[in-house]
Structure formats: structure tokens, C-alpha cells
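Okay, thanks for coming, everyone.

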Amino acid sequence: MQLLALRNEFTTYSRRADAKIGLLKEVIERVQKGEDVDVKGLLGTGNSENEKEWEQVIKEVEEGDRLWQANVRRRQKKAKRNESENPEDRRASEKTSPFKEPEAKEQIPRSENLSPSTANPRPRGFY
């Protein structure tokens with residue numbers, strides 16, 4: 001239930017923010033084109049209901065940005081902490097990682113490094 005409410009709240013927030021941003025873009029484009037635009041009228045200046053909506057949208061966007069920035073900082077701190085804590089343990093886990101290929105102890109000669117006379121002849125056939 002809470003997830004549905006949260007999803008609906010986020011959807012409403014996104015739609016409202018997108019609508020306001022779209023309106024701002026339209027006004028900016030029209031002003032840049034040199035059109036005579038009633039900016040105050042389009043953006044709702046003087047109308048207390050529209051002004052409250054703008055304030056609410058701006059606060060929501062600022063809060064969302066603040067949360068995003070906090071998450072970025074938290075992830076950066078965590079990454080730095082993981083790098084600085086126990087570098088010996090990290091190196092040991094890198095050596096024993098199941099995803100790394102074991103290092104070869106001796107070099108195996110490749111056929112392209114050998115002369116044609118010493119290279120292993122390849123069987124003829126259909127490939």
C-alpha cells in the first residue's frame with residue numbers, strides 16, 4: 001500500500017514538475033524569438049493559487065535535488081572508505097577472486113611468434 005502511494009505521489013510530482021518546466025521552456029523560447037509575451041500572465045504572477053503551485057513545485061524540485069546530491073556524496077564517501085580501509089585485505093581478495101584468470105607460470109610460445117618451420121602445422125579441413 002505504501003509503495004503504491006509513494007509511486008502515485010512521485011508520478012504526480014513528476015507530472016507537475018514536467019508541466020511547469022515545459023511552460024517555462026515555452027516562455028523562454030518565445031522571448032528569445034522576440035515575440036511579445038505576457039510572462040506574468042503565463043506564469044501566473046499575481047494569482048495567489050498559481051504562485052503557491054510554483055512555490056510548491058520549486059520546493060519539491062529543490063528537495064529532490066538535495067536528496068540526490070546527498071546520495072551522491074554518501075556513495076562517494078562509501079567508495080573512499082572502501083578504498084582506504086584495509087588495502088591489504090582488498091589486495092588479498094583481488095588475488096583470490098574467482099573472476100580473475102590465474103596467472104600463467106611459464107610463457108607458452110604462440111605459433112605466430114615462431115618461424116614457419118617450427119610452428120605446429122594445422123590440419124587441413126573445412127572450417
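This is a predicted model: local features need pLDDT of at least 70, side-chain atom pairs count only at pLDDT 80 or more; totals for chains, interfaces and linings use all residues.

So, how many aromatic pairs does a search of the whole structure find? The search finds 1. For a pair, ring centres of Phe, Tyr or Trp (its six-membered ring) have to lie within 6.5 Å; planes under 30 degrees apart are stacked, over 60 edge-to-face, and the rest tilted. Ours is Phe10 with Tyr13, a tilted pair at 5.9 Å centre to centre and 45° between the planes.

Residues are numbered from 1 along each chain as its sequence is written, and side-chain values use heavy atoms, with hydrogens and water left out.

Back to the pair. Phe10 and Tyr13 both sit in helix α1, 3 residues apart, about one turn of the helix. An α-helix has 3.6 residues a turn, so residues three or four places apart point the same way. The cut-offs: buried is under 20% relative accessible area, exposed is over 50%, partly exposed is in between, with a 1.4 Å probe and protein chains only.

Zooming out, the protein has 4 helices and 0 strands; those are DSSP runs, H or I of at least four residues for helices and E of at least two for strands, numbered from the N terminus. Of its 127 residues, 7% count as buried.

Now α3. This helix has 37 residues and reaches 53 Å from first C-alpha to last, close to the 54 Å expected at 1.5 Å a residue (that is 1.5 Å times one less than the number of residues). Asn47 caps the N-terminal end of α3, with a side-chain oxygen 3.1 Å from the backbone nitrogen of Glu49; a polar contact here is a pair of N or O atoms within 3.5 Å, one able to donate a hydrogen and the other to accept it, and sequence neighbours count only if both atoms are side-chain atoms.

And that's the tour. Over to you for questions.
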